[in-house]
Amino acid sequence: MSGGQGATKAAMHLLVTGANGQLGQCLADRLKAQGISHTLLSRGDADINDTVVLEKIIADKEVTAIINAAAYTAVDKAESEPELAQRVNVDGAAALAKLSARFDIPLLHVSTDYVFDGNKQTPYVEVDSIGPTGVYGQTKLDGELAIQRHASKYIIMRTAWVFSEYGNNFLKTMLRLARERDTLGVVADQVGCPTYAGDIAVALITVADQMHNGEARSGIYHYAGDEAVSWHGFAMEIFEQAHQLGRLANIPSVNAIATEAYPTPAKRPAYSVLSSDKIVADYGVVASDWRLAITAVIAKMTE
Ligand SMILES: NC(=O)c1ccc[n+]([C@@H]2O[C@H](COP(=O)([O-])OP(=O)(O)OC[C@H]3O[C@@H](n4cnc5c(N)ncnc54)[C@H](OP(=O)(O)O)[C@@H]3O)[C@@H](O)[C@H]2O)c1
């Protein structure tokens, strides 16, 4: 795999961890559709801390980049099991970063808007100061720092409010509740950018491809939805679209509630709007059109 002049560059082969998660499954769909050579690893195949197993896979498959879609994502539960969150989000990220450095291949890692405290009132850019308000956000931030310390080529893609046709997410929870109840209360004083996991997958593949072609620009990037909205506004859009598409018989009455009225173990940032301008400029990707993505996700859902 030497890169001397005239040497043939190895074909791109992506290793995807967290293959059974929302993002992992969206990555799998798009890699297959685009005919890109890849290896998918679920937690059952290999824990991201299992360096010995991963090292063998990277060598055997001639992996050219790692995409880490594995994470501990239970924001509230993390408050009561911080060691577990730390093990996946910090130790696991560090283990992958060290492997990527050992094989001299890029690591594409996904982080979160919850590294910010939410006190800003204009979209967060990559150089804004961080200040997580809970264990999950803290472990994701520590994971970013571990990658910056141990990897030589890396992209840390911070995203937010992820939804898809897979796994558990806000869109699916809202549709289930809307079918069970006539009235719902949804938080209206937290504002963010919903992001379709399928669009994150496309952005990651685009970046991986450009890095493979020698355009390696390591660093932190924000990639999220193209429009800010509250959870309440997001829910209303989901209900209206599901109703129009014939997937929701009746739109429930939705009360806009304050965060105080819906206490959770982990404190969330009130404002976590991410600006995707830098990644759009550097890599030519398009910010996630989450309204359009809601239509696509509802169409793909079977229940
Ligand atoms: N969901 C959001 O709203 C959101 C918002 C901002 C950022 N993000 C970030 O986006 C990324 C993708 O999130 P997602 O929503 O796709 O998460 P997800 O659906 O919870 O998937 C995470 C996957 O990681 C796997 N995993 C957990 N621990 C592991 C370990 N030790 N070794 C190997 N695999 C392990 C899980 O395996 P099991 O299936 O066996 O549990 C799961 O399949 C994460 O980095 C997350 O922090 C998510």
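Predicted model: local features only at pLDDT ≥ 70, side-chain atom pairs only at ≥ 80, totals over all residues.
User: What makes His232 count as buried?

Analyst: The cut-off is 20 or more other C-beta atoms within 10 Å. His232 has 20 other C-beta atoms within 10 Å, so His232 is buried.

User: Where does His232 lie, and which residues does His232 touch beyond its sequence neighbours?

Analyst: His232 lies in helix 7. Leaving out residues up to four places away in sequence, His232 touches Val186, Val187, Ala188, Val254 and Ala256. Ala261 is 29 residues away along the chain, and its C-alpha atom is separated from that of His232 by 13 Å.

User: Why is Ala197 called buried?

Analyst: The same test applies. Ala197 has 28 other C-beta atoms within 10 Å, and the cut-off is 20 or more, so Ala197 is buried. Its place is in helix 6. Not counting residues up to four places away, its contacts are Gln22, Leu23, Cys26, Val162, Phe163 and Ser164.

User: How do you know that the buried residues of helix 7 line one face?

Analyst: Take the list first. The buried residues are Trp231, His232, Phe234, Ala235, Ile238, Phe239 and Ala242. Seen down the axis of helix 7, they fall within an arc of 160 degrees, so they line one face of the helix.

User: What do the buried residues of helix 7 pack against?

Analyst: They pack against helix 5 (170–180), strand 7 (183–187), strand 11 (229–230), strand 12 (253–257) and helix 9 (290–300).

User: How do you know that the reach of helix 7 is close to the expected one?

Analyst: Helix 7 covers residues 231–244, which is 14 residues. From first C-alpha to last, helix 7 reaches 20 Å, and 20 Å is expected at 1.5 Å a residue. Gly246 follows helix 7, with a positive phi near 75 degrees.

User: What makes the buried residues of helix 9 a single face?

Analyst: The buried residues of helix 9 are Trp290, Ala293, Ile294 and Val297. Seen down the axis of helix 9, they fall within an arc of 110 degrees, so they line one face. Their packing partners are strand 6 (162–163), helix 5, strand 9 (195–196), helix 6 (197–212) and helix 7.

User: How do you know that the radius of gyration agrees with a compact globule?

Analyst: A compact globule of 303 residues would have a radius of gyration near 19 Å, and the protein has 19 Å, so the value agrees. Along its principal axes, the C-alpha trace spans about 65 × 40 × 35 Å. Of the 303 residues, 44% count as buried. The protein has 9 helices and 12 strands.

User: Which residues are closest to the ligand, and which element gives the most to the shell?

Analyst: The ligand is surrounded by 26 residues, with Gly21, Gln22, Ala70, Ala71 and Val162 the closest. Helix 1 gives the most, with 3 residues. Helix 1 (22–33), helix 3 (82–103) and strand 4 (107–112) each supply at least two.

User: How many residues of each class does the shell have?

Analyst: The shell around the ligand has 12 nonpolar, 11 polar and 3 charged residues.

Terms used:
Residues numbered from 1 in each chain as written. Near = placed C-beta within 6 Å. Helix = DSSP H or I, 4+ residues; strand = E, 2+ residues; numbered from the N terminus. Nonpolar A, V, L, I, M, F, W, Y, C, P; charged D, E, K, R; others polar. Rg over C-alpha atoms; globule rule 2.2 N^0.38 Å. Buried ≥ 20, exposed ≤ 12 C-beta atoms within 10 Å, placed from the backbone. Expected span 1.5 Å × (residues − 1). Arc of directions from axis to C-beta. Contact = placed C-beta atoms within 7 Å.
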